[in-house]
Amino acid sequence: MAEPMKIRAKMEGDDADVKVLMSHPMETGQRKNEKGELVPLHFIQSVVATHNGKTVLDAQWSQAIAHNPFLGFRIKGAKPGDKITVSWIDNTGDKGNIETTVAAP
Amino acid sequence: MNQMRRTLLKLSAAALAVGFGLLKTGQALAATWNKAGFESKATSDALKALGVSGAQPSKDIVISAPDIAENGAQVPVTVTSKIPNTQSISILADKNPFPLTSSFDFANGAEGYVSTKLKMGQSSNVIVVVKADGRFFTASKEVKVTIGGCGG
């Protein structure tokens, strides 16, 4: 079950400034647990953001993105009320998604 | 509608791949993930896997990252490309076990801008490669990582 995410989108000049926080352990596969066993690789591989249904950002990640990943991006020509979605999928097939509308400045 | 068609095509391609046992189920939707690039242990190999050749150094790429990172597990990095028609930004931590950390493809009005946080194993150059109009540009910034850093 995917953990909750947070998103905020706000107009800044001609751009919508979008900030997203995802809850994910982002395990590198190199960390050992208290029993000294390697914790398996577990990380978000792909993140896709849309603006009014059109893909604006298609990201591919490695395990080197920090845990509980932060992502910021900007969309030119967006307007208050526009719909933004962000979804991710990790290397185990787990998924998360969130949506919001762009707020006025 | 075109987007929906692309998604459907991607999905059906992924479904086919699963059907033929080429992919494990979990990887089906991440079919475009650049396995070769992300599993490269050297920056040069990762760049090759990204198809980067002859990248020109550019002052129009602004990398905002701390000079000294007290916590290598959370290194904030923001990249702004002022190069017209920026299509993608890739971020590499040169001395990480697997240097390629991320690639961001932009479309439909997204600015050539991205902000994230990286894990860095040790002090290293953060290398950024921008693709714009099919050409490659690069910039880098050194980040010193304080081992076991408790600040001050």
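Residues are numbered from 1 along each chain as its sequence is written, with chains lettered from A and ligands numbered from 1 in the order in which they are written.

On confidence, the model scores ipTM 0.95 and pTM 0.85. Where pLDDT is low, the predicted coordinates should not be read in detail.

Chain A has zero helices and seven strands, so its pattern from the N terminus on is simply β-β-β-β-β-β-β. Helices and strands are DSSP runs numbered from the N terminus, with helices being H or I over at least four residues and strands being E over at least two. The C-alpha trace of chain A spans about 50 × 20 × 20 Å along its principal axes. Of its 105 residues, 38% count as buried, where buried means that 20 or more other C-beta atoms lie within 10 Å of the residue's own, exposed means 12 or fewer, and partly exposed is in between, again with C-beta atoms placed from the backbone. Among contacts in chain A between residues at least 6 apart in sequence, 57% join residues at least 24 apart.

Read along the sequence, they give the pattern α-α-α-β-β-β-β-β-β-β-β-β. Chain B has 152 residues, of which 35% are buried. For contacts in chain B with a separation of 6 or more, 59% are between residues 24 or more positions apart.

Turning to where the chains meet, the contact takes 31 residues from chain A and 33 residues from chain B. On the side of chain A that touches chain B, the elements giving two or more residues are strands S3 (44–51), S4 (54–61) and S5 (70–76) of chain A. S4(A) supplies the largest share of that side, eight residues. By type, the chain A side divides into 13 nonpolar, 13 polar and five charged residues. In this sorting, Ala, Val, Leu, Ile, Met, Phe, Trp, Tyr, Cys and Pro are nonpolar, Asp, Glu, Lys and Arg are charged, and the others, Gly among them, are polar.

Strand pairing also crosses between the chains; two strands pair if DSSP finds at least two bridges between them. S4(A) runs antiparallel to strand S6 (residues 100–106) of chain B, joined by five bridges, and Gln60(A) stands opposite Ser103(B) in S6(B). S5(A) likewise runs antiparallel to strand S7 (residues 113–118) of chain B, with two bridges. There, Leu71(A) has Thr116(B) as its bridge partner.

The S5(A)–S7(B) pair belongs to an open sheet of six strands, in the order S1(A)-S2(A)-S5(A)-S7(B)-S4(B)-S2(B), with antiparallel pairing. Its edge strands, each pairing on one side only, are S1 (6–12) of chain A and S2 (61–64) of chain B. The twist averages 15 degrees from one strand to the next, with axes as lines fitted to C-alpha atoms (for helices over the stretch in contact) and angles running from 0 to 180 degrees between N-to-C directions. Within chain A, seven bridges join strand S2 (residues 15–21) to S5(A), and Asp17(A) stands opposite Arg74(A). Within chain B, six bridges join strand S4 (residues 75–81) to S7(B). Val77(B) has Thr116(B) as its bridge partner in S7(B), and Thr116(B) is also the partner of Leu71(A).

Lastly, Val130(B) lies in strand S8 (residues 124–132) of chain B. Val130(B) counts as buried because it has 25 C-beta neighbours inside 10 Å. Beyond its neighbours within four places in sequence, Val130(B) is in contact with Ile61(B), Ser81(B), Ile83(B), Thr86(B), Ile89(B), Gly112(B) and Phe137(B). Val130(B) and Val52(B), 78 residues apart in sequence, sit 9.4 Å apart in space, C-alpha to C-alpha.

Conventions: Predicted model: local features only at pLDDT ≥ 70, side-chain atom pairs only at ≥ 80, totals over all residues. Contact = placed C-beta atoms within 7 Å.
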